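Hi,

Here is the structure I promised to pass on. Please open it alongside this email; my notes follow below.

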Amino acid sequence: MDFKITPRADERISERNLRISPLECGPASSLSDSAGPLVDTRNRGLRDLRISVTDRCNFRCTYCMPRNVFNDKYQFLPHDEVLTFEEIVRLAKIFRGHGVEKIRLTGGEPLLRHGIERLVEMLARALPGVDLTLTTNGSALKAKARALKAAGLTRVTVSLDSMDDATFKAMNDADFPVAKVLEAIDMAAAEGFSPVKINMVVKRGVNDGHVVDMARYFKGSGNIVRFIEFMDVGATNGWKMDDVIPGAEVVKRIHEVFPANPSTPTIPVKLPGAGAIRMARASSASSPALRRPSAAPAPACGFPPMARSTPACSLGRALT
């Protein structure tokens, strides 16, 4: 079937007064125009900001936005409550003054936001030197990769939960095929986003049997595959601990097929400013990684914190 993408239009007047102010976006003591580093209760510097530019998505992934909850009756944010591009830039500049070094645009599906390329360009101009990244399901990436690169986007992460078409379609619940996501990944790499990061959420009994297939496909590609433990996102995705495949089990399964060179054993390397453990493996040119959310069995307290802004500017902390 043909897959249609309908971007949300944003025709609001840019000259209107910005709604973002320190007092509206959080306590004045923690977020203000005055520069100075932000730290959490463990005295870790906040370096990453995740900005959700829309709450809409054209997928209904069972672990994220299941269709039985996010159906035709679900009340998404009214258009007027979604932050304008100018407000997003204003928010990003405030956080930059507090030491943020990386900004990730997310959703929902961020490429559904009309004019997303213009937002990227605005952020790139306003915040030179900031690592500007975007996470996408890949459905519109092939068409937008060149424009996003030209606008100043630094890196891109693509979600792909299985190399098996039937499994992937069942998980995204939108009848979207693996082949089109792979085309988007190839296009992104060709436009200069290499290495592209590929996120695979692993759920026991659903797609855990495809972990090795994913590693095999991207082995030698130069891209980075990250295996993510199924996490609780609230009361909407039916999360149970029994569905979680611990990161150590994922590593074990991969190493049984692609063993590391004994002279250079596999070592978990925690990267500064990254919420993932990347596994250094001598036997493959690709770089598998394990991304542990806070709901996973292993503690995430050692990971650097990330701030998150929803489309309506509700601020919180996310270990992602």
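Predicted model: local features only at pLDDT ≥ 70, side-chain atom pairs only at ≥ 80, totals over all residues.

Now H3 itself, residues 141-151. Its buried residues are Leu141, Lys144, Ala145, Leu148 and Ala151. Viewed down the axis of H3, they fall within an arc of 140 degrees, so they line one face of the helix. The general rule is that an α-helix has 3.6 residues a turn, so residues three or four places apart point the same way. On the face of H3 turned away from the buried side sit Ala143, Arg146 and Ala150, which are exposed.

What covers the buried residues of H3? The cover includes helix H2, strands S3 and S4, and helix H5 (178-193).

Next, the strands. S3 spans residues 131-136 and is mostly covered, with 5 of its 6 residues buried. S3 pairs with S2 (residues 102-106) in the parallel sense, over 4 bridges. Leu134 in S3 is the bridge partner of Leu105. S3 also runs parallel to S4 (residues 155-159), joined by 4 bridges. There, Thr135 has Thr157 of S4 as its bridge partner.

S2, H2 (residues 116-126) and S3 form a right-handed β-α-β unit. S3, H3 and S4 form a right-handed β-α-β unit as well.

Best wishes

How values were computed:
Residues numbered from 1 in each chain as written. Heavy atoms only, no water. Buried < 20%, exposed > 50% of the residue type's maximum accessible area, 1.4 Å probe, protein only. Helix = DSSP H or I, 4+ residues; strand = E, 2+ residues; numbered from the N terminus. Pairing = 2+ DSSP bridges. Right-handed = clockwise from strand over helix to strand, strands pointing away. Arc of directions from axis to C-beta. Contact = heavy atoms within 4.5 Å.
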